[in-house]
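Please examine the sequence and structure before reading on.

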Amino acid sequence: MKRRIKVLQLHPDSNIKSQDFADLGEQIFHALPSERFETVNAFLRGRPSAGQPVSRAERSVYFGFTDAQLKGMRIRAMWHLYRYCRRERFDVVICN
């Protein structure tokens, strides 16, 4: 079996729409066949509360950065993301 292509989709905050046809990020993952692609959704801020929709990606990561950490040069956030991407070895990164 071939190795699946590992895709990360990075979002500024968690706001998955209840109707996935209205959410471009979810449509991208809907179009990628799971036999060929391993999908990961990463959110810089927020996390869904009870009753809110979750992503259709195989895995979701919530970094939980504060607004202050995402302003200015964002060195700590960029360093954290760099280490995460390097550790996970993504083939494709989509910044949404």
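The model is predicted: local features require pLDDT of at least 70 and side-chain atom pairs pLDDT 80 or more, whereas totals for chains, interfaces and linings use all residues. Residues are numbered from 1 along each chain as its sequence is written, and side-chain values use heavy atoms, with hydrogens and water left out.

**Nonpolar core**
- A nonpolar core is a set of buried Ala, Val, Leu, Ile, Met, Phe, Trp, Tyr and Cys residues joined through side-chain atoms within 4.5 Å; buried means under 20% relative accessible area, exposed over 50% and partly exposed in between (1.4 Å probe, protein chains only).
- The largest such core has 13 residues, among which Leu44, Phe63 and Tyr84 touch the most other members.
- At least two core residues come from each of β1 (5-13), β2 (37-45) and α2 (75-88); helices (H or I, at least four residues) and strands (E, at least two) are DSSP runs, numbered from the N terminus.
- Leaving aside residues up to four places away in sequence, Phe63 touches Leu10, Ala42, Phe43, Leu44, His80, Leu81 and Tyr84 (contact: heavy atoms within 4.5 Å).

**Helix α1**
- Gly25, Glu26 and Phe29 are buried in α1 (residues 24-31).
- These buried residues fall within an arc of 95° seen down the axis, so they line one face of the helix (the arc is that of the directions from the helix axis to the C-beta atoms).
- Leu24 and Ala31, on the other side of α1, are exposed.
- The cover over the buried residues of α1 includes β1 and β2.

**Methionine 78**
- Met78 is located in helix α2.
- Its relative accessibility is 46%, so Met78 counts as partly exposed.
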